[in-house]
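Welcome to a short tour of one model. Please have a look at the sequence and the coordinates first, and then we can walk through the parts together.

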Amino acid sequence: MKLLLVYCHPCSESFGASIRDTALQTLKRAGHEVRLIDLYALNFDPVMSAEERRGYHERGSNEAPVAEHLAHLRWCEGLIFIYPTWWYGPPAMLKGWLERVWVPHATFTMPENGKAIGPVLTQIRLLAVISTLGSPWWWWTLFMKAPGRNILLRGLRALCAPRCRTLWLALHRLDEASETQRRHFLAKVEKKMAALKN
């Protein structure tokens with residue numbers, strides 16, 4: 001598959017970087033074509049300007065500020081996000097990428113005649129998220145209702161292929177995780193990435 005890996009973490013020494021590297025190496029070994037967008041390395045600006053917002057619905061011209069990112073989205077058949085969950089959702093950098101890059105007409109159709117928004121990027125048939133969290137799974141899932149997971153694997157999925165597959169991998173209680181637990185999680189990431197099929 002053609003896979004786009006979107007990575008978001010400010011620290012090069014983070015456990016997230018180990019997850020990124022494990023995923024990249026495994027996917028390439030499995031024969032996938034992989035592109036990496038490292039938002040912090042690119043110094044991506046997550047802030048939508050007033051000018052961008054005013055032109056947000058303008059077909060064509062709304063693509064200009066993020067044309068390179070849209071080209072990657074149009075190329076890929078699978079989208080993999082790797083990021084830490086902060087305050088129950090993706091980091092501001094990643095949230096800003098979603099807000100600025102996923103623009104009308106290029107990534108979804110606007111509501112019309114009583115119809116809801118519709119998908120445009122229907123060649124994307126896989127959405128995967130690998131995240132670390134400080135909270136225990138029961139707090140994040142049962143009490144908070146998994147907001148970050150829902151944004152990407154429900155909200156974003158609606159803009160992809162009708163039968164788009166999803167995958168969620170999470171290491172909870174990262175702050176307390178032992179080296180053994182971290183190694184086991186990396187092994188799980190490797191196993192899941194090696195098993196990805198068309």
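## Cysteines

Let us begin with Cys160, which counts as buried because its relative accessibility is 2% (buried means under 20% relative accessible area, exposed over 50% and partly exposed in between, with a 1.4 Å probe and protein chains only). The closest cysteine sulfur to that of Cys160 belongs to Cys164, and at 4.7 Å this is too far for a bond. Cys76 is buried as well, at 0% relative accessibility. Its sulfur has Cys160 as the closest cysteine partner, but the separation of 7.9 Å is too far for a bond. With a disulfide taken as a pair of cysteine sulfur atoms within 2.5 Å, the count is zero.

A word on the ground rules: this is a predicted model, where local features need pLDDT of at least 70 and side-chain atom pairs count only at pLDDT 80 or more, while totals for chains, interfaces and linings use all residues. Residues are numbered from 1 along each chain as its sequence is written, and side-chain values use heavy atoms, with hydrogens and water left out.

How many strands form the open sheet, and in what order? There are five, in the order 2-1-3-6-7, with parallel pairing. Strand 2 (33–38) and strand 7 (165–171) are the edge strands, each pairing on one side only. On average, neighbouring strands of this sheet are turned by 15 degrees against each other, direction ignored. Axes are lines fitted to C-alpha atoms, for helices over the stretch in contact, and angles run from 0 to 180 degrees between N-to-C directions.

Strand 1 (residues 2–7) pairs with strand 3 in the parallel sense over five bridges, and Leu5 has Ile80 as its bridge partner in strand 3. Strand 3 and strand 6 run parallel and are joined by seven bridges. Seven bridges also link strand 6 to strand 7, again in parallel, with Ile130 partnered by Leu169 in strand 7.

Are the residues of strand 3 (residues 78–84) mostly covered or mostly uncovered? Mostly covered: seven of its seven residues are buried. In a regular strand the side chains alternate between the two faces of the sheet. In strand 3, Gly78, Ile80, Ile82 and Pro84 point one way, Leu79, Phe81 and Tyr83 point the other way, and all are buried.

Pro84 stands opposite Thr132 in strand 6. Thr132 lies in that strand, which spans residues 126–132, and is buried with a relative accessible area of 8%. Beyond its neighbours within four places in sequence, Thr132 is in contact (heavy atoms within 4.5 Å) with Phe15, Ile19, Tyr83, Pro84, Thr85, Leu171 and Leu174.

## Helices around the sheet

Helix 7 lies across strand 3, strand 6 and strand 7, and runs at about 170 degrees to strand 7. Helix 1 (residues 15–29) packs with helix 7 (residues 179–194) at an angle of about 30 degrees, their axes 9 Å apart. The two helices are therefore roughly parallel to each other; angles under 35 degrees count as roughly parallel, over 145 as roughly antiparallel, 65 to 115 as roughly perpendicular and the rest as oblique. Their crossing is right-handed, meaning that the near helix is turned clockwise from the far one by less than a right angle. Among the residues that meet are Phe15, Ile19 and Leu27 from helix 1, and Phe185, Leu186 and Met193 from helix 7.

In helix 3 (residues 67–75), the buried residues include His69, Leu70, His72, Leu73 and Trp75. The buried residues of helix 3 pack against strand 1, strand 2, strand 3 and helix 4.

## Two loop residues

Trp86 sits in the loop between strand 3 and helix 4 (92–101). Its relative accessibility is 38%, so Trp86 counts as partly exposed. Leaving aside neighbours within four places in sequence, Trp86 is in contact with His9, Pro10 and Pro91. Trp86 and Lys188 are 102 residues apart in sequence and 22 Å apart in space, C-alpha to C-alpha.

Ala41 is in the loop between strand 2 and helix 2 (50–54). Ala41 counts as exposed because its relative accessibility is 62%.

How values were computed. Helix = DSSP H or I, 4+ residues; strand = E, 2+ residues; numbered from the N terminus. Pairing = 2+ DSSP bridges.
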